[in-house]
Amino acid sequence: MPALKNLFATRWGIISVGAFIGVFAPLLQKWGNPGNMGVCVACFERDIAGALGLHRAGVVQYLRPEIIGFVLGSLIAAYIFKEFRPRVGSAPIVRFVLGAFAMIGALVFLGCPWRALLRFSAGDGNAIFGLLGLIFGIWLGTLFLKGGYNLGRTEKTHTSVGWLLPLIMLGFLVLTIIFPQIKGETRSGVLFYSLKGPGAMHAPLIVSLLVGLAIGFLAQRSRFCTMGAFRDLILFRQTHLFLGICALVVVAFITNLIVGQFHPGFAHQPVAHTMSIWNFGGMVVAGLAFALAGGCPGRQLFLAGEGDGDAGIFVLGMIVGAAFSHNFGLASSPKGVGPHGIAAVIIGLLVCLFIGFTMRKKIA
Amino acid sequence: MSTVVDARGLSCPQPVLMTLDEIKKVNKGEIEVLVDTDTSKENVTRAAESQGWQVKEIQGKGEGYRIIINKD
């Protein structure tokens, strides 16, 4: 086992995980997921918020099995390799707020870093502004990190604490099995479903779940992180995680070409708008929030799977943030930013700066 | 006599930042880094090696690891 344990921590390990995602994300789109949204952690958590009725945007309601798979795949990997470490207590409320604003920022751009990379690999030029915003936000985050920003230490806790988010995900899975989609109906038991829009587009449940489990497993092993990729490059000149996202982009580009999903341009890209400033601005907020919280939205799911309760709080913050986004008209649509999206970006930036400037706790 | 960096309970990039700070401070010799996750263990050893330090020993210590790095 030790050989296998170290395999994923190597350069080729992280590259192969990025490549795996690069193959399967575009394929999930081919199998039914929305355009350039084979995997999007922010969009999928937003869809989950919709499926649960936390917001009532009719076009984005589906309990995405990929997210469930991410957490449970990571949990399985963590147990097999004896890395499940229940821990909690590093400024949980801050992580909740960061999660909420990360989501609000991401939904102004219409995608998390994962989707930004996938949109870019499919020829969506608007993603360039999103990625630039992401990098700028992460760069701001590294300034705070250099200045002593940190949220304090976690503490070891009960095993069952580490199990809570995985159990919530298992509960979601049970709900989708008890209340499957009924053709032509927007409700099935307690769950909401979309009849049109991105929420109505999805790969078969079992396919989504299996790919999610595989990605969750591999990402836990390799520590794949789209925020860490840029952060480590900026902060330490380290290319390790960056190689992972490079592999993702290159392989996703090739896969998109092969399956006919590469359409270069700016206008009429799937689930995207062309307001470049706000594509940039939304991702500045998201990038800064991810950097201050120590992980991209995917990484937070994988951490939650290996017992990190604070990462679990960040995930719940994102789901609640998605509800606010749609209830308050903060989220963008293909027509452009929402009625209060610009205000949300400004407030989100101020909140993140407040957190960054004021939380320079001395590490005891 | 080695200096000790206690990064237990801290998530990345904190353990790496602390280790690199210590490396800059002492320039050579021996540093003992305490971490409590495998991710931190990998990140710290990777960062130390990139600075030309050697990983002398990694001990599983209770719920975490004690990493001893040195440079002559």
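Modeller: Confidence comes first, as this is a predicted model. Among the elements of chain B, the lowest mean pLDDT, 90, belongs to strand S3 (residues 54-61) of chain B, and the highest, 96, to strand S2 (residues 29-35) of chain B. Over chain B as a whole the mean pLDDT is 92, with 96% of residues at 70 or more. For the complex, the predictor reports a pTM of 0.96 and an ipTM of 0.93.

Now the interface. Chain A puts 21 residues in contact with 23 residues of chain B. The area buried between chain A and chain B is about 1900 Å², and carbon and sulfur atoms account for 51% of it. On the side of chain A, 30% of the area buried against chain B comes from A:Arg85, A:Arg153 and A:Phe236, more than from any other three residues.

One of these residues also takes part in an ionic pair: A:Arg153 makes a salt bridge to B:Asp6, with 3.8 Å between the closest N and O atoms. This pair falls under the 4 Å limit and therefore counts as a salt bridge. Between chain A and chain B the count of salt bridges is three. The polar contacts across this interface come to 10 residue pairs, with both residues at pLDDT 80 or more. Of the elements of chain A, helix H10 (residues 226-236) gives the most to the side that touches chain B, namely three residues. Sorted by class, that side of chain A holds nine charged, six polar and six nonpolar residues.

In chain B, the peptide bond between B:Cys12 and B:Pro13 is cis, with omega about 10 degrees. B:Pro13 sits in the loop that runs between strand S1 (3-6) and helix H1 (14-26) of chain B. In chain A, A:His268 has a positive phi, near 55 degrees, although this residue is not glycine. The loop between helix H11 (240-259) and helix H12 (276-293) of chain A contains A:His268. As background, most peptide bonds are trans, and most residues other than glycine have a negative phi.

Last, the sulfur atoms. The search over all chains returns one disulfide. A:Cys40 and A:Cys43 are its partners, with an S to S distance of 2.3 Å. The link between A:Cys40 and A:Cys43 is right-handed, with 70 degrees about the S-S bond.

Definitions and conventions:
Residues numbered from 1 in each chain as written. Chains lettered and ligands numbered in written order. Predicted model: local features only at pLDDT ≥ 70, side-chain atom pairs only at ≥ 80, totals over all residues. Heavy atoms only, no water. pLDDT = per-residue confidence, 0-100. Helix = DSSP H or I, 4+ residues; strand = E, 2+ residues; numbered from the N terminus. Contact = heavy atoms within 4.5 Å. Buried area = accessible area lost by both parts, 1.4 Å probe. Salt bridge = Lys/Arg side-chain N within 4 Å of Asp/Glu carboxyl O. Polar contact = N/O pair within 3.5 Å; in protein donor to acceptor, adjacent residues only side chain to side chain. Nonpolar A, V, L, I, M, F, W, Y, C, P; charged D, E, K, R; others polar. Disulfide = S-S within 2.5 Å.
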